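Please keep the structure open as you read.

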Amino acid sequence: MASSSYIEIERFRSIPPPLSTVTSSSVYVCPCHRRPSSANRSLTLPSRCSLPILRWPDRVNRRPRFITAAAEPDRFDEYEHSGKQNEIVVDNSEKQEDLDLVSESQRKAKNLRKRIIFGIGIGISVGFIILAGGWIYTLGVSAAVFVASREYFELVRSRGITSGMTPPPRFVSRVCSLICALMPLITLYFGQLDVPITFAAFVVAMSLLLQRGNPRFSQLSSTIFGLFYCGYLPSFWIKLRCGLAAPALNSGIASAWPILLGGQAHWTVGLVATLISISSIIAADTFAFIGGKTMGRTPLISVSPKKTWEGTIVGLAGCVATSLILTKMFCWPTSLLSVIPLGILTFFGSIFGDLTESMIKRDAGVKDSGSLIPGHGGILDRVDSYIFTGALAYSFIKTFLPLYGV
């Protein structure tokens, strides 16, 4: 890039250029060329100089001041430089896109690893709690219900839902979460929830009506549904596991179970039914996911756009097949034909529980109900398929299976 020196024009007087070589006590300088040396005080002006000619003063002690500036590059160099810059920009954008794709794939792989690790940990913990039964099982269910109810009321208070309704006050939400957590304990101790749930609904309704300001029906409806959805329905898992205490005498696993861990009497109808129901739910979710990824074309419902009819059918088949396999393994129930309706009820309870929570999250405008479990979201995201299933399985066994299927 070329550069030139310019004389401060304000201090000098502009004169017309001479027609010949200048030889005098004054020197005429062209700003396009260097200043002449003291030895040669003559200068031949260029023929194509377009800048004004400035008179150099005779007195040597008055030095002119110079301002140095960058001259414009040639047009060809400018186009070449801009072309190189464009190539560099395009190259950098492509590299940035490649880096974004790599980082996105790494992020997905990291989330998948987290999901698998925490899923295995949760599965082992839940299996131990189910085998333990009694108060350990009930306390585990109660803790999960408390966290899920807190997430539910946070969803109700979210911006997406509150834009169309008035949420319940915070103190009512906290009291309802505590009541939901107590319902499994009350179910284990009393064996039923008719009186406690009625009393809890009455207390909540009175607290909403007596609050300051104007009570709203939306507050009452969302609160009562929270008691039913997060407290009453999960309590049927206590009835299923601990209420069906008849021993599963035909189970081969029960006969080989160690005496120190309870022996054959530990394997009750409730334990076997709970294991079959939970395993069938896991199989339904897994097969539905695989079927939707590989063959999914037809959307199932607008509430959950990722679910497809193909995945639903594959999930139903996987759920029923898992129920049949486990029934053959545990030798309960004795009739294989009776387990097919149980598998179908388990699947529909699973998918409708999932869709119900998807509807709540869609209205709330969130993807996950929480962030407690890395890679999985909140507790409500993990137990939504189990909320209706416990009640359906317990009701089917109590109503349609003679002698609890033994």
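This is a predicted model: local features need pLDDT of at least 70, side-chain atom pairs count only at pLDDT 80 or more; totals for chains, interfaces and linings use all residues.

The expected span of a helix is 1.5 Å times one less than its number of residues. Helix H2 covers residues 134-156, 23 residues in total, and its first and last C-alpha atoms lie 33 Å apart. That is close to the 33 Å expected at 1.5 Å a residue.

Which residues of H2 are buried? They are Tyr-137, Thr-138, Val-141, Ser-142, Val-145, Ala-148, Ser-149, Glu-151, Tyr-152, Phe-153, Leu-155 and Val-156.

Now for the charged pairs. The structure holds 5 salt bridges, and the table shows some of them.

| Pair | N to O distance |
|---|---|
| Arg-150 and Glu-154 | 3.8 Å |
| Glu-154 and Arg-170 | 3.6 Å |
| Glu-357 and Lys-361 | 3.6 Å |

Let us begin with Arg-150 and Glu-154, which both belong to helix H2 and sit 4 residues apart, about one turn of the helix. An α-helix has 3.6 residues a turn, so residues three or four places apart point the same way. Side chains of opposite charge can pair when their charged atoms come close. Arg-150 is partly exposed, because its relative accessible area is 23% and buried means under 20%. Glu-154 also counts as partly exposed, at 38% relative accessibility.

Taken together, Arg-150, Glu-154 and Arg-170 are linked in a network of salt bridges.

Next comes a pair in helix H11. Glu-357 and Lys-361 are both in this helix, 4 residues apart, or about one turn. Are these two residues buried or exposed? Both Glu-357 and Lys-361 are buried.

Finally, have a look at the surface. Lys-108, Lys-293, Lys-306 and Lys-367 form a positive patch there. One of these residues, Lys-367, is found in the loop between helix H11 (336-364) and helix H12 (379-383). Lys-367 counts as exposed because its relative accessible area is 70%, and the cut-off for exposed is over 50%.

Terms used: Residues are numbered from 1 along each chain as its sequence is written. Side-chain values use heavy atoms; hydrogens and water are left out. Patches are made of residues with over 30% relative accessible area and no salt bridge: like charges are joined within 9 Å, nonpolar side chains (Val, Leu, Ile, Met, Phe, Trp, Tyr) within 5 Å. Accessible areas come from the Shrake-Rupley method with a 1.4 Å probe; for residues, only the protein chains shown count as cover. A salt bridge is a side-chain nitrogen of Lys or Arg within 4 Å of a carboxyl oxygen of Asp or Glu. Lys and Arg count as positive and Asp and Glu as negative; His and the chain ends are not counted. The place of a charge is taken as NZ of Lys, CZ of Arg, CG of Asp or CD of Glu. Helices (H or I, at least four residues) and strands (E, at least two) are DSSP runs, numbered from the N terminus. Buried means under 20% relative accessible area, exposed over 50%, partly exposed in between (1.4 Å probe, protein chains only).
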